[in-house]
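Work through the exercises below with the model in view. Each task is followed by a solution in steps.

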Amino acid sequence: MLRTILPQPVKLALRLARRFLADVRSGHRRRFAGPPEKGPGSDAPFVPAVRVTQPVLNATTELSRINKVHNMRIAVASIEEVVVRPGEIFSFYHTVGRPSRAKGFREGINIVNGSVVEDFGGGLCQLSSIIYHASLCAGLQIVERTNHSVDLYHDRPRYTPLGADATVFYGYKDLRIGNDTAHSVRFRFEVGETSLTCIVESVGDLREHDVTFETVHEDERGFRVVSKRGGEPVAVSTYRKG
């Protein structure tokens, strides 16, 4: 009852406080990746290991696509400053922060509670989705990921396979990737007007894994998709039809 009458800024503050305390208790707070540290081995060259490319489609209008590209470029500038050392965790929102007009983000299309709304930072879900997909292919640990609740593309071209998406919503839903390899990794991007590429780079050997997305159930209400890496299930995603 209380949650229904609290103003949204108060709800967000409470969610951020709960997440902060949970991260402190779990130890994640100490493991968040940041800019590279100077020291022995810090100049080791990064080598591209995995590359995933997606089209950037019009969500509703041409302006929505333009704003999406603009928002992704702002976020990419922060993400490319981060190196994820062994044992560390890349957090999308710990890195990008809250999308706002003050940071230069534009309004765009977001899906919130199954509904399409406009908000600052719209379109960042495509960026988080391609990071998730590339991380699966790179064999990295998926610490936190949430799929969209609604499939809006069941009768339209997709920018990513069903089951390869990762929604982000500041304070509520984050994408977190753990580096459980023996070498530092980082994400690099190519953001074009009509395409988006994510490249996972490593200072050591990083093998690309075969990743598939298999729809195991479909009816008039929605879909259930199993994501597999090397033939082994790693995630189950359930969607309602939009």
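**Exercise 1.** Which residue forms a salt bridge with Glu 193, the closest N and O atoms being 3.7 Å apart?

*Solution.* Step 1: a salt bridge is a side-chain nitrogen of Lys or Arg within 4 Å of a carboxyl oxygen of Asp or Glu. Step 2: at 3.7 Å, the partner of Glu 193 is Arg 65. Step 3: Glu 193 sits in the loop between E8 and E9 while Arg 65 belongs to helix H4, so the pair ties together parts 128 residues apart in sequence. Helices (H or I, at least four residues) and strands (E, at least two) are DSSP runs, numbered from the N terminus.

The model is predicted: local features need pLDDT of at least 70 and side-chain atom pairs count only at pLDDT 80 or more, while totals for chains, interfaces and linings use all residues. Residues are numbered from 1 along each chain as its sequence is written, and side-chain values use heavy atoms, leaving out hydrogens and water.

**Exercise 2.** Is Arg 65 buried or exposed?

*Solution.* Step 1: buried means under 20% relative accessible area, exposed over 50%, and partly exposed in between (1.4 Å probe, protein chains only). Step 2: Arg 65 has 8%, so it is buried. Step 3: Glu 193, with 41%, is partly exposed.

**Exercise 3.** Which side chain meets Glu 193 in a salt bridge of 3.2 Å, N to O?

*Solution.* Step 1: the side chain is that of Arg 73. Step 2: Arg 73 is in helix H4 and Glu 193 in the loop between E8 and E9, 120 residues apart. Step 3: with a relative accessibility of 39%, Arg 73 counts as partly exposed.

**Exercise 4.** How many bridges join E8 to strand E9?

*Solution.* Step 1: two strands pair if DSSP finds at least two bridges between them. Step 2: seven bridges join E8 to E9 (residues 195-202), and the two run antiparallel. Step 4: E8 and E9 form a hairpin, with three residues between them. Step 5: five of the seven residues of E8 (residues 185-191) are buried, so E8 is largely enclosed by the rest of the structure.

**Exercise 5.** Which residue forms a salt bridge with Arg 176?

*Solution.* Step 1: the partner is Asp 23, with the closest N and O atoms 2.8 Å apart. Step 2: Arg 176 lies in strand E7 (residues 176-178) and Asp 23 in helix H2 (residues 8-26), 153 residues apart. Step 3: Arg 176 counts as buried at 4% relative accessibility, and Asp 23 counts as buried at 5%.
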